[in-house]
Each structure stands twice: as C-alpha cells, then as structure tokens.
Amino acid sequence: MTTYLEAISDGLREEMRADDRVLCMGEDIADFGGAFKVTDGFLAEFGPDRVMDTPLAESGIVGTAIGAAVVGMRPVCEMQFADFIACGFDQLVNVAGKMHYRQGLAVPITVRLPSGGGFSGGPFHSQNPEAWFMHAPGIKVVAPSTPEDAKGLLISAIRDPNPVCFLEHKHLYRRAKGEVPAGTYETPMTARVARPGEDLVVIAYGAMVHTALEATDDLDGARVEVLDLRSLVPLDEAAILDSVRRCSKVVVVDEANRTCAAGAEVAALIAQRAFEDLDGPVVRVATPDVPIPFSPPLEQAVLPSVDRVKEACRELLEY
Amino acid sequence: MATQEVRRPYPSPEREAADDGVALLRYMLLMRFLEERAMNLYRQGKVPGSFYDGFGQEAVSTGAAYAMAPEDRLCVLHRDLAAHLVRGVEPARVLAQYMGRAGGITRGRDGNVHFGDPSLGCVGMVSMLPDMMLVATGMAMAFKLRREPRVALTWFGDGSTSRGDWHEAMNWAGVQRLPVIFVLENNQYAYSTPLSKQFAVDPVQRAGAYGFPGVTVDGNDVEAVHAVTREARERALAGAGPTMIEAVTMRMHGHAAHDDMRYVPPELLEEWSRRDPVERQERRLAERGVDVEAVRNEVRAEVDRATEEALAMPMPEPSQATEGVFCEGEAVPLGDGRPVR
Ligand SMILES: Cc1ncc(C[n+]2csc(CCOP(=O)(O)OP(=O)(O)O)c2C)c(N)n1
C-alpha cells in the first residue's frame, strides 16, 4: 500500500528519471526535502540543478519556471502551501495562462499546490484556491483523490504542454492509501466513477471524494453514486451529465468557499444541460464564505463534514 | 535593406565597426519611421485601442538587441520596437499587429507592442510591469543548468523597478549568478510620475546590493549601448553573472497617444531633443563618410512597402476568437533570431 504523499513523490521521481528536462523548484525542497517531504531524497539522486532550493519568492518561482519552460525545460514548482500561490498569482494568470493564446507559445509548467484544511492550519494554510485558476483562461487544474490518480495525474500534468495547477490535498497525504502501479503512467484529465449508483450522485473532487464515499456508504439502503471529477479544467461535462441522467438527483460538494467554487460551475452546467433529467434541486455543500478558522471547533463548523453530506443526501432522497 | 541578413567576412575591426554603425542606424530609423507611420494609422482610426511608442529611445533597444546572438533570448518591452526588428520581425507584420490584423504577430489576440515572435527567440511582454524580468531570469537559469553558452536579456522602465517582481528577479539572478542582462530604460518618467516620486535610491546603485554590477550608459548613444551590452554579454558567458545596464534617455512623447504630457517641463524636452539618438548616429556616420540620406531613403521606402502590405492583410476571423487558449500539440520552445552579423 502506498500513501497519497508517496505516490506524488514516486510520480515526480519517475518522471524526473524518464525526462531530464524535468526539474523541481521550491522553497526548502532540496536538502530539507520540502515542507511535506515530497522531494525527500531527490537532491541525492538528481543534484542541486534539478532539485532547486529557491529564494522565498513565489512570483519568482512561477516567473522563472515560465522562462525555463519556454526554452525547453519542464519545471515543477512547489508552493510550500497552496495559499502562497496568491503571491505568484500574477505570473501564473497573466504571463503563463495567456501566453499560448496571445503568441502561440506553450508554457509547460506544473505548479504543485498543497491545499485544503482540517488540521488547524488557519486562514493562510488551509485554502482551496482552485477556482481562482478555473476562472483564468489557459490554465489546467487537476485535483486527485487517490494515490493512483495522484501519481498518474502528476505525470500527465508534467507532460502536458500547458500550465497545470496540481492540487494535492494535505489531509490526504498520509490518510489516503492504495495500490499504485509501478513505473510511469498517465491518468487522463477526466472524471472517474468512484462508486456506481442510481438513486443519487454526489459530485466531488480531492478530499471531498472520501467524505462523500463515507457519508453515503450506508445511507438507508440508497444506492448512491460518487463521481470523482479528478480534473476541474478541463471539466468532464460528459461524465457529469451521464451521472445526472442515471441518478436524477445531485449533491455537489466543495471544500472550497462556496461562491464561484468549482461546484457552482458544475451546478450551472447541470441546470442548463440536464434540467429534464432532474428529480429535485441541485444541492450544494461547501465551506461558507469565511476564512478557514484556526481553532478545531470553528474549523469543523465550516468545512463540509460527513454528517453534512449525509444530511444533504437524505433530504434530497426524500424530495 | 535593413531586414536583410548582413553576413560578410570583415577585413578589419574598423570596417566591422563602420558596418555595425550603419546597421544600428538602420534599425533606429526603421523603428522611428514605423512608429511614425503607426501613429498616422492611429489618427486615421486604423489602430484600435491606444498607441505607445519609443520616440527618442530608439538607441536603447537597437543597441542592446544588436549585441545579442541568435541563440540568446529576449523579453522585449513597450519602448523597444527595434529589438523585434533586429531579431528579424518583418515591418509589415508590426504594422499589422498594431492594426489588429490576422497577419500581425499575435494575429489580433493582443495589441500594440505586446508581442514577441517565438520563432525568433522573443517573448512578448504582458502589461504587468516588470513581470518579464522573472521570465528572462528563468531562461538564464535554464541556460546555466544546461551549461549552454547563451544569455537572456530584458528591458524595463524606471517605474517598474518599484514593484516586487523587480526585486525577486534581481535577487534571484544575483543569488544564482545567472547569465542575464537587465536593461533599465531610464526615460525620466513612468506615465506622469517622475523619478523623484518613484525611488529614493537609483536602481543602478541598487544592483550592487544584489551582488552584481550596475553600469550607466548614455542611452541616446547607440554605439555606447551596443558596446556596454556586448561587454555584459561577455561577462555572462564567462560565468561572471548578471549585469544591470542603466540607459539614460528621455521619453519624448506622451506615455501613449492620448497623453499630452503637460507634466513635463518644455525646457527638459528641448534639452533632450538636442541629444536625439538618431540624429546623433547620423552625424557620426556622416563623419565616417557614410551616405546617411541614402540609408534614410531606403528605410522610408521599406516602411512604405510594409504599410501597403499590412493594409492589404485581412482582419482576423471572429470565429477564431476562442481558439488556441490551450496548446493541443507539442510544446515547441523558442527558436533562434536572425544573425545580425
Ligand atoms: C503593474 C502595473 N501597474 C500599472 C501599469 C500601468 N502602466 C503602464 S506603463 C506605466 C508606466 C511605466 O513606467 P516605466 O516602467 O518607467 O516605463 P516607461 O513607460 O516609462 O517606459 C504604468 C503605470 C502597468 N503596466 N503595470
């Protein structure tokens, strides 16, 4: 069994072995191995040129990665926490995201974003910033929930000719375990049915896939489908519409703040394209629009819990 | 022809210097005449949006770009049209770019000087200043780690030195001793903001604090800019790290076409008009026996032809407005520019 963290590490290591254009850049990633130890041992294997400790400068990390990418490298940037991408936002959105459209120049960079809450990280170490980048044209956004997908999607992200935000959920690092194929393989940027069902579908991604599975594992005998989006850009519209067609009732779960979250886009898609298939309102469970508080009872009060998802599903099933 | 490849064996260094001098003048003239033409097209309503030029600053982009080899890489800013011309962009495509035509370098996706021809080793700027400092730094980082004898260069304005990306790039380049050249175009104003409101310490003095030299050069002397950039390039190739070059010049027009720059004292403009970089190079070449008028006529004719060609180019197809957001094929890295010598 491999943890989600080991799978990310493994994917990065395998791809660095397979392609010498791949290099890692980030704060404290070389000798120290990264704040979460994803690049532990990399320095010894790949040397300081390819496992680069950078100054504390997120705009610098993303900006120089863009420069390296357009001259032929495949940089993988680590944000120490996803939250700090706010300091590299401009380079990612304005320089990387618009480059291909404007000048036909590809920017193959991957930005690893350790995201999410649930462990008292507080307002600056718990965010889920994926929607910021969904809203910015030209950036792909993926968010795996299992070790197997984490490895495969990271490899897909590195091989993709576009800037890709790779959301790795911190709460899954050591909790999510599973079998992971050896060697390199690509996981497609499409959705995956995590558990088939027909009475209701819960649509989620990242850590919320686990919350959804747990919440609906034994829900008064209802057969609940869980659709793991895996990729937010591109969004697998066909898979979403297919699940809705089969299940007719939908709960969309986001760990991110509610307004304009990925789930809002999913709900809008369903409202427009699957209205006739619905047997009830599209129900959303998300974090309210507040900064993620530090103290455990406060944090637990805002993050979507197993109980909240259960309750939302029960209500909708009875509708 | 200014855009033709000049590749001849040089009988002597003096001869080389003389030919370079003519080429430098040609690129400055080509920039000046093209921008004048674009301004006319703007007044005729053929250039949408706004129009920015580098009148009076032609020596800075010409001299610096001319010092770079085809395999070097450039991030070109908004007063630097000549850099594109030196790299080999055809003048007609520049005018088409201003007019939002399908034949412009960005095919109508971006306007004015926001372009770079990737096949010629250039990345076009974004509006956010000075974001390209970091992109150039990253190119140099790749050159260094691949141990390639190549250099990256970018220009930036005095105003943009106040933003954080400037510091991040200067610091990064210094820490890693990268083969990168930063050319500050000190044109006295950032839009309406004079230097005195921009910084307490001149940026060229700050270079030392980042661990590499800052040198000041007369930004209206194209041969001086060329020479100092060549030296910086040699330094970079020798592994001695970055150089910051401060080219002191003056923005002789408004920030953009709409700006009457009433905030600039007239005496200042008068003083700088006596130091016009184009006239200065013409005088120098005339003393060396060059037929300057012939060069002018040649360049004018080239701009006329380019104008006709650009005006004949179609506008982009509206149906293509949503295409090409993502790269669907292979990521192709930047290509080489055209050899200048
Ligand atoms: C980050 C950012 N803020 C504001 C602007 C709007 N703006 C465009 S050019 C300019 C002045 C730039 O001055 P400087 O860097 O000295 O370059 P110059 O135009 O004088 O060549 C401003 C404020 C911008 N482009 N980027």
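So, salt bridges to begin with: counting over all chains, the structure holds 47 of them. By salt bridge I mean a side-chain nitrogen of Lys or Arg within 4 Å of a carboxyl oxygen of Asp or Glu. One to look at is Asp10(A) with Lys151(A), where the closest N and O atoms are 2.9 Å apart. That pair ties together distant parts of the chain, since Asp10(A) sits in helix H1 (residues 4-18) of chain A and Lys151(A) in helix H6 (residues 147-159) of chain A, 141 residues apart. Helices here are DSSP runs of H or I with at least four residues, strands are E runs of at least two, and both are numbered from the N terminus.

Quick housekeeping. This is a predicted model, so local features need pLDDT of at least 70 and side-chain atom pairs count only at pLDDT 80 or more, while totals for chains, interfaces and linings use all residues. Residues are numbered from 1 along each chain as its sequence is written, chains are lettered from A and ligands numbered from 1 in the order in which they are written, and side-chain values use heavy atoms, with hydrogens and water left out.

Okay, the interface. On the chain A side 41 residues are in contact with 45 residues of chain B, contact being heavy atoms within 4.5 Å. The two chains bury about 3400 Å² between them, and 64% of that is on carbon and sulfur atoms. Buried area is the accessible area (1.4 Å probe) that two parts lose on being put together, summed over both. Which three residues of chain A supply more of its buried area than any other three? They're Val71(A), Tyr101(A) and Arg102(A), with 22% of what chain A buries against chain B.

The rule finds three salt bridges across this interface. Arg163(B) makes a salt bridge with Asp90(A), with the closest N and O atoms 3.6 Å apart. On the side of chain A that touches chain B, the largest share, 10 residues, comes from H3(A).

Now the ligand. It's surrounded by 15 residues, and the closest are His78(B), Arg79(B), Ser127(B), Gly159(B) and Tyr189(B); the cut-off is a heavy atom within 4 Å. Arg79(B) puts a polar side-chain atom 2.8 Å from a ligand oxygen. For Asp158(B), a side-chain N or O atom is 3.1 Å from an oxygen atom of the ligand. Leu129(B) uses its backbone instead, with an N or O atom 3.3 Å from a ligand nitrogen.

Most residues other than glycine have a negative phi, and most peptide bonds are trans. But the bond from Leu129(B) to Pro130(B) is cis, omega near -5°, and Pro130(B) lies in the loop between strand E2 (122-124) and helix H5 (132-145) of chain B. Chain A has a cis bond joining Val233(A) and Pro234(A), omega about 0°. Finally, Ser248(A) has a positive phi, near 70°, in the loop between H8 and strand E13 (250-257) of chain A.

Terms used:
Polar contact = N/O pair within 3.5 Å; in protein donor to acceptor, adjacent residues only side chain to side chain.
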